[in-house]
Amino acid sequence: MRTRDMHAALPPALRDAADRFARYLASVEGRSAHTVRAYAGDVISLLDHAARQGYADAGELDLAVLRGWLAARLAEGAARTSQARRAATARAFTGWAHRSGLTAADVGAPLASPKAHRDLPAVLRADQAAALVTQERQATRERQATRERQATRKGQSGPGAREGREGPGRNDNADEALAIRDRAVLELLYATGIRVSELCQLDRGDVDHARQVVRVLGKGAKERAVPFGHPARDALDLWLRAGRDRLTTPGSRDALFLGLKGGRVQQTVVRRIVADAARRAGLPHTSPHGLRHSAATHLLDGGADLRAVQELLGHSSLSSTQIYTHVSTERLRAAFNQAHPRA
């Protein structure tokens, strides 16, 4: 049954509790729309299970029904990561219900959850990351050479309309602006390790060019300042000086990075920029999150403090950052096994 149908079929008191919890996550916790949807979907599934067991009010919930819900999902073949997320959602819901006076106690507090298995993130070597972020410069030169050859063959003396990466009807002037933008996007992603969602939400005023710092609004509406180096500074300066104005429209407002039609650049476009650059560099498929992994690992490889990296990445928990120490250790072990005569 679809989540919407389960929600509609809930007893009124349970449906009201689910709706109030979703509003709490969005307005008080400041969770993203994606997170709210995920949590709300799990809670509706939990309450649907409870309703089928004869529960009609949140105050009737107990630990047994929570465990029964998780057991039912496990019997359906749920992955450990999904079970861990569901248990966390159940604890969040029962904790909120208790604080809101819907339940006499936090019945989900003792609920255990399977430890989610976390694969070590794939990261690029430093030379691979450098090759990826500099690909756009080479690609720009190649596109310019192609345009000149085409103009020579057709006897054209000026730029003409052509179909490009983001759709038909774009001229060479916009093509060059997109190339400048793509270079700045790649440099900034790798320099800062910010999330793709954070990059797309940046405004021009978030960039402090003098201090080489970008102000980022992360998860939970938490703001942090992230420094960037000279290559990213130069790429951003070029974009703002010679690229952005070519794509600006009345709807552009103050967005730092623009799409072809002048609106704020979309995450799907940024993912394509990174994937295309990796392909041109002869590297495995890479995503913006892969660049984030790589930036964090290279910082730790270079001796950065773990808590400093935690702050730069915007992790709320140090355990989220510690996975990158495991990456560095595994890379060191692989180098040892390959090079040491007594490995």
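Me: Of the 343 residues of the chain, what percentage count as buried?
Reply: In this predicted model, 42% of the 343 residues count as buried.

Me: And how much accessible surface does the chain have?
Reply: The accessible surface comes to about 18200 Å². Carbon and sulfur atoms account for 50% of that area.

Me: How many helices and strands are there?
Reply: The chain has 14 helices and 5 strands.

Me: Which strands form the open sheet, and in what order?
Reply: Three strands form it, in the order S3-S4-S5, with antiparallel pairing. Strand S3 (207-208) and strand S5 (223-227) each have a single partner strand, so one side of each is left without a neighbour in the sheet.

Me: How many bridges join S4 to S5?
Reply: Strand S4 (residues 213-217) is joined to S5 by 5 bridges. Among them, Arg-215 is partnered with Ala-225, and Val-213 with Pro-227.

Me: What about S3 and S4, over how many bridges do they pair?
Reply: They pair over 2 bridges, also in the antiparallel sense. Val-213 of S4 is the bridge partner of Asp-208.

Me: Turning to the hairpins, which residues take a positive phi?
Reply: In the hairpin of S3 and S4, with 4 residues between the strands, Gln-212 has a positive phi near 55°. In the hairpin of S4 and S5, with 5 residues between the strands, Gly-220 has a positive phi near 70°.

Me: Back to the whole chain: among contacts between residues at least 6 apart in sequence, what share join residues at least 24 apart?
Reply: That share is 60%.

Conventions: Residues are numbered from 1 along each chain as its sequence is written. This is a predicted model: local features need pLDDT of at least 70, side-chain atom pairs count only at pLDDT 80 or more; totals for chains, interfaces and linings use all residues. Side-chain values use heavy atoms; hydrogens and water are left out. Two strands pair if DSSP finds at least two bridges between them. Buried means under 20% relative accessible area, exposed over 50%, partly exposed in between (1.4 Å probe, protein chains only). Contact means heavy atoms within 4.5 Å. Accessible areas come from the Shrake-Rupley method with a 1.4 Å probe; for residues, only the protein chains shown count as cover.
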